[in-house]
Amino acid sequence: MAEDVNGAVRNFPPRLVVGISGASGVIYGARVLDALRELEVESHLVVSRAALLTLSQETDLSPDDLTAKASVVHRTADVGATVASGSFRTLGMIIAPCSVRTMGEIATGVTSTLLTRAADVTLKERRPLVLMVRETPLHLGHLRTMTALAEMGAIIAPPLPAFYTRPASIAEMVDQSVGRALDLFGLDWAAVRRWDGLKGPTPA
């Protein structure tokens, strides 16, 4: 990618910051990393401790298996990491899945880890911040937090199944949600099944 700055073209590799928080659905984050590798997009991973607990309960992946999928891994306590600065150019950030606690920290701007600091940086630099919020049912506080984040520029993208694709497995449903989230960064992953109109006769 190139940017024209005062007549000079400066190239930087396409990079995406990937946050994985402790909500259920850690497989979404793992598949984001797989997709970025296929798309040849540099991934910068920040994974919370709670997410590693979820990983052990929901998948057969080890922490090393997960981090091996990323181009670069940053410790959550490393507030001096590259992704903590707006001067580090990225396409934006996705948090998959995004817990209510993580969502709340980002909304208040009181960030306690690199995960939420990187999200805050993404917002202040006016880059896309996509939050795959994993919670249900939602009380009024959750909804107000989402509204505040949307007003700040974040995109709330809960991972919901697209039944028009007639998924044959959980894996297909996961990949469809991940691919549609990556669409928001202009990234076209082959695993996404696109809507191409109604099939068969339509009701009169």
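A crossing of two helices is called left-handed if the near helix is turned anticlockwise from the far one by less than a right angle, and right-handed if clockwise. Helix 4 passes helix 6 in a left-handed crossing. The model is predicted, with local features needing pLDDT of at least 70 and side-chain atom pairs counting only at pLDDT 80 or more, while totals for chains, interfaces and linings use all residues. Residues are numbered from 1 along each chain as its sequence is written, and side-chain values use heavy atoms, with hydrogens and water left out.

**Helix packing**

Helices (H or I, at least four residues) are DSSP runs numbered from the N terminus. Axes are lines fitted to C-alpha atoms over the stretch in contact, and angles run from 0 to 180 degrees between N-to-C directions.

| Helix pair | Angle | Axis separation |
|---|---|---|
| Helix 1 (residues 26-38) and helix 7 (residues 170-183) | about 60 degrees | 9 Å |
| Helix 4 (residues 100-108) and helix 5 | about 45 degrees | 9 Å |
| Helix 4 and helix 6 (residues 140-152) | about 50 degrees | 9 Å |

Angles under 35 degrees count as roughly parallel, over 145 as roughly antiparallel, 65 to 115 as roughly perpendicular and the rest as oblique. Helix 4 and helix 6 are therefore oblique to each other. In their contact (heavy atoms within 4.5 Å), Val 100, Met 103, Gly 104, Ile 106 and Ala 107 of helix 4 meet His 142, Thr 145, Met 146, Leu 149 and Met 152 of helix 6. This contact has seven nonpolar, three polar and no charged residues; Ala, Val, Leu, Ile, Met, Phe, Trp, Tyr, Cys and Pro count as nonpolar, Asp, Glu, Lys and Arg as charged, and the others, Gly among them, as polar.

The crossing of helix 4 and helix 5 is right-handed. Thr 102, Glu 105 and Ile 106 of helix 4 make the contact with Leu 115, Thr 116, Ala 119 and Leu 123 of helix 5.

Helix 1 and helix 7 also form a right-handed crossing. Their contact includes Ile 27 and Tyr 28 of helix 1 and Val 174 and Asp 175 of helix 7, and its residues divide into eight nonpolar, one polar and two charged.

On a 1 Å grid over the protein atoms alone, a cavity is a set of points where a 1.4 Å probe fits but cannot get out, and lining residues have an atom within 4 Å of a point. One cavity of 30 Å³ or more is counted. The largest cavity has a volume of about 40 Å³, volume being the space filled by probe spheres set on the points. Helix 5 (residues 114-124) supplies the largest share of its lining, three residues. The lining has five nonpolar, four polar and one charged residues, among them Val 17, Phe 88 and Arg 127.

Conventions:
Helices (H or I, at least four residues) and strands (E, at least two) are DSSP runs, numbered from the N terminus. On a 1 Å grid over the protein atoms alone, a cavity is a set of points where a 1.4 Å probe fits but cannot get out, and a pocket is an open set with protein on both sides within 12 Å along at least five of seven lines; lining residues have an atom within 4 Å of a point.
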